[in-house]
Amino acid sequence: MTTVLVTGANGYIGQAVCTRFQIAGHTIAGLVRGNGAAKALSARGITPLLGSLDDTHALAEAARTADLVIDTASADHADSTRALLDALAGTGKTYIRTSGTGVYTDLAHGELNERIFTEETEHSPAEVVATRWASDQMVREAADRGIRTIVLRPSMIYGNGASEQLPLLIRQAISSGRSLYVGRGDNRWGNVYLDDLAEAYLLAAEKAVAGSVYNLAAGEARMGDIARAVARGLLGTEDAESCEPHVAYAAFGQRWVDVALSSNSRVDSSKARAELGWHPQGPDLLEDLVSGSYRRLWAHKADPHDHVAPASQN
């Protein structure tokens, strides 16, 4: 039986990954920062390990006790990535890094970019995501240090009425009564259903070779259409509103707008399908927004008498 260490085990991705690996029969340990989070993990049959990404000693000790390490806590914490690699060097153990297709952001301000990226496409990342790209490369190169390293780049993740991106759009739309997109809204992002993503982690753990990287998207959608689906499903209106970048910056924060809301992130995931046997089966993103989990969980909040604080970008 394999012991799997998951950082960010209480997070959106981490919870799904833990559940999928538990179903497959693995023993899970989760790195958490406080007693409340530890109790939540224990209730799910996961062994809590107290520590944080800044505590490199705790990270190293936790990694050494596991057979497999899956890092879902942060794509932008280079020091913890380095600490985990140092702890695993020479062990032959597997380390799976969670990055994201945001590394391909093009700062397009709502315009369509026809370019679609494979894992081997030559790419010079925008400065705003350069650190994330560098960490991806560091992990891939660590395959030469006696670690079975794997980098997974999920696109826009959705499902269960949550996400790392969509709630920002939803909260802003509910609080203001306006579902926004930037410029023409022709920019496109790949997307992947949460359960399909968790399956990709399991398949990568079972099949990927050292130094592998996989872009993970099951489909893609225009950001203007995503904003319209939010308007239809949660506000009961038929259209969203275009805005200038500075308006979006004020509503969401500049980094999030530049990297996600107004950029393109279009990827080819045929490598994961061919090498891992990954076959995503989740519902369509726009349908899930209009009539699926997002409507079920968020529509009751879209009451004009409810006051939901606008989203902010940390």
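Okay, strand β6, residues 148-154: seven of its seven residues are buried, and buried here means under 20% relative accessible area, with exposed over 50% and partly exposed in between, using a 1.4 Å probe on protein chains only. Strands are DSSP E runs of at least two residues, helices are H or I runs of at least four, and both are numbered from the N terminus.

Before I go on, this is a predicted model, where local features need pLDDT of at least 70 and side-chain atom pairs count only at pLDDT 80 or more, while totals for chains, interfaces and linings use all residues. Residues are numbered from 1 along each chain as its sequence is written, and side-chain values use heavy atoms, with hydrogens and water left out.

Back to β6. In a regular strand the side chains alternate between the two faces of the sheet. Here R148, I150, L152 and P154 point one way, T149, V151 and R153 point the other, and all are buried. Its pairing with β5, residues 94-98, is parallel and runs over five bridges; two strands count as paired if DSSP finds at least two bridges between them.

Next, what is the order of the open sheet of three strands? It goes β7-β9-β11, with mixed pairing. β7 (156-158) and β11 (219-222) are at the edges with a single partner strand each, so one side of each has no neighbour in the sheet. The twist averages 40 degrees from one strand to the next. Angles run from 0 to 180 degrees between N-to-C directions, with axes fitted to C-alpha atoms, for helices over the stretch in contact. β9, residues 188-193, pairs with β11 in the antiparallel sense over four bridges, and G190 has E220 in β11 as its bridge partner. Helix α7 packs on this sheet, touching β7 and β9, and its direction makes about 75 degrees with that of β9. Contact, by the way, is heavy atoms within 4.5 Å.

On to the cores. A nonpolar core is a set of buried Ala, Val, Leu, Ile, Met, Phe, Trp, Tyr and Cys residues joined through side-chain atoms within 4.5 Å. The largest has 67 residues, and F21, L166 and F252 touch the most other members. Which helix gives the most to this core? That's α7 again, residues 194-207, with nine residues. There's also a second, separate core of 21 residues, including L31, A62, L84 and V139.

A62 also turns up in helix α3, residues 56-65, where the buried residues are A58, L59, A60, A62 and A63. Among the elements covering them are β1 (3-7), β2 (27-32), β3 (47-50), β4 (68-71) and α4 (78-88).

Now the second largest pocket. A pocket is an open set of points on a 1 Å grid over the protein atoms alone, with protein on both sides within 12 Å along at least five of seven lines, and lining residues have an atom within 4 Å of a point. Of its 20 lining residues, G8, L31, R33, L53 and A73 lie nearest the centre. The largest share of the lining, three residues, comes from α1.

H109, in the loop between β5 and α5 (130-141), has a positive phi of about 55 degrees without being a glycine. N160, in the loop between β7 and α6 (166-176), is not a glycine either, and its positive phi is about 60 degrees.

Definitions and conventions. On a 1 Å grid over the protein atoms alone, a cavity is a set of points where a 1.4 Å probe fits but cannot get out, and a pocket is an open set with protein on both sides within 12 Å along at least five of seven lines; lining residues have an atom within 4 Å of a point.
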